[in-house]
Amino acid sequence: MLESVGLPEPCGTVYSALVEHPESGASRLAEVTGLPLGKVRAALDRLTAEGMASRAPGRAALWFASAPDVAIGSLVGRTEQELLRVRSLMNELMDSYRSAARYTDPSLSVEVVRGHEEISRRFGHVQTEARQQIRGFDRPPYLDAPGSNHEHAASRARSGLSYRVIYTRAALTWPGRLIEDIRGSQAFGEHARTRPTLPIKMVIGDDRQALIPIRDPEEALTTAYVIHPSSLLDALIALFEAEWRLALPIPGMSEAGPDEQTRALLLLLASGQTDEAIARALGWSFRTTQRRVQALMRSLDATTRFQAGMEA
């Protein structure tokens, strides 16, 4: 059984016997297992090196087994790591296989990927494989919690990769999204703009591949298309560039001017959000939101929310 986690026989047999007969010598274990004495001693050496057995203190050559949850758990951990490496290699080979096959089979220009884990992996793959820029349409719902992705974007941005992302009005009011994710990404150089709505969720890596949900929003988190170089990818790139020209820039953070919460409030007012939506986005109570909006309008000498938004 333990062979499946990298422990060859007769080590597994000797370890099992040592668990049942603690502080036994090699001769005793050979008697219990029916194995030759030489093989038992070799197995004890291997088990000791693996941390699965230890020699008892004193002059007598006696051994005792390490606790199975620790001893076998470490083997399982190593096996899982090896399986992850093999799976990663398999995915890389599949990517190469599909890339080569697309030249002879145009139908492979579009892939279908299923499941949260695989979609998340391909989302990371699009970014990792990009060498020049990432373009994206950002709209709810989301695979990951706000703030969990911008560190990856930060490391890529530091390597010279350009990020341009358009966020919908709903994205700005998604709880935690503006402060914990968008602002964090802007701090590392992301160029962010906003539109009231967008037709789809999308991420494009260079001019090489795009990831879009098959149906938005019902199946946005469960099934997606990966689009490879084709006229369809060209159309998605053209769609992004058209929306980018129409989108309004999201002001970045700076040391001058109002504090970050006030800047976020100004941005949400300018995008036409209601008090309820602003409260959800910033984690404020409805009453606090109303008080902050009214104070901001007074400071801007604005008589309407629209006027305050224009001032912003």
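Here is a short tour of a predicted model, from its nonpolar cores to a few residues in its loops.

**The largest core**

Let's start inside. The largest nonpolar core has 22 residues, and the ones touching the most other members are Y167, L172, L178, L265 and L268. The largest share is that of α10, which brings six residues. As a bit of background, nonpolar side chains tend to be buried together in soluble globular proteins.

Setting aside residues up to four places away in sequence, L172 touches Y167, L178, I182, T194, I250, L268, S271 and A281.

**Two helices side by side**

Now for α10 and α11. A packed pair of helices is described by the angle between the axes and the distance between them. Here the angle is about 145 degrees and the axes are 10 Å apart, and the crossing of α10 and α11 is right-handed. Which residues in α10 and α11 meet? On the α10 side they are A264, L265, L268 and L269, and on the α11 side I278, A281 and L282. Sorted by class, this contact has seven nonpolar residues, with no polar and no charged ones.

**Some spots in the loops**

Next, the loops. S66 is found between β2 (63-65) and α4 (68-101), and D206 lies in the loop between β7 (202-205) and β8 (209-213). Are S66 and D206 buried or exposed? Buried means under 20% relative accessible area, so the values in this table put S66 and D206 in that class.

| Residue | Loop | Relative accessible area |
|---|---|---|
| S66 | between β2 and α4 | 17% |
| D206 | between β7 and β8 | 8% |

What does S66 contact, leaving aside its neighbours within four places in sequence? The list is Y15, G51, M52, A53 and A71.

D206 has a backbone detail to look at too: its phi is near 50 degrees, a positive value in a residue other than glycine.

One more stop is P141, in the loop between β4 (133-138) and α6 (150-158). The peptide bond joining P140 and P141 is cis, with omega about 0 degrees.

Key
Residues are numbered from 1 along each chain as its sequence is written. This is a predicted model: local features need pLDDT of at least 70, side-chain atom pairs count only at pLDDT 80 or more; totals for chains, interfaces and linings use all residues. Side-chain values use heavy atoms; hydrogens and water are left out. A nonpolar core is a set of buried Ala, Val, Leu, Ile, Met, Phe, Trp, Tyr and Cys residues joined through side-chain atoms within 4.5 Å. Buried means under 20% relative accessible area, exposed over 50%, partly exposed in between (1.4 Å probe, protein chains only). Helices (H or I, at least four residues) and strands (E, at least two) are DSSP runs, numbered from the N terminus. Contact means heavy atoms within 4.5 Å. Axes are lines fitted to C-alpha atoms, for helices over the stretch in contact, and angles run from 0 to 180 degrees between N-to-C directions. A crossing is left-handed if the near helix is turned anticlockwise from the far one by less than a right angle, and right-handed if clockwise. Ala, Val, Leu, Ile, Met, Phe, Trp, Tyr, Cys and Pro count as nonpolar, Asp, Glu, Lys and Arg as charged, and the others, Gly among them, as polar.
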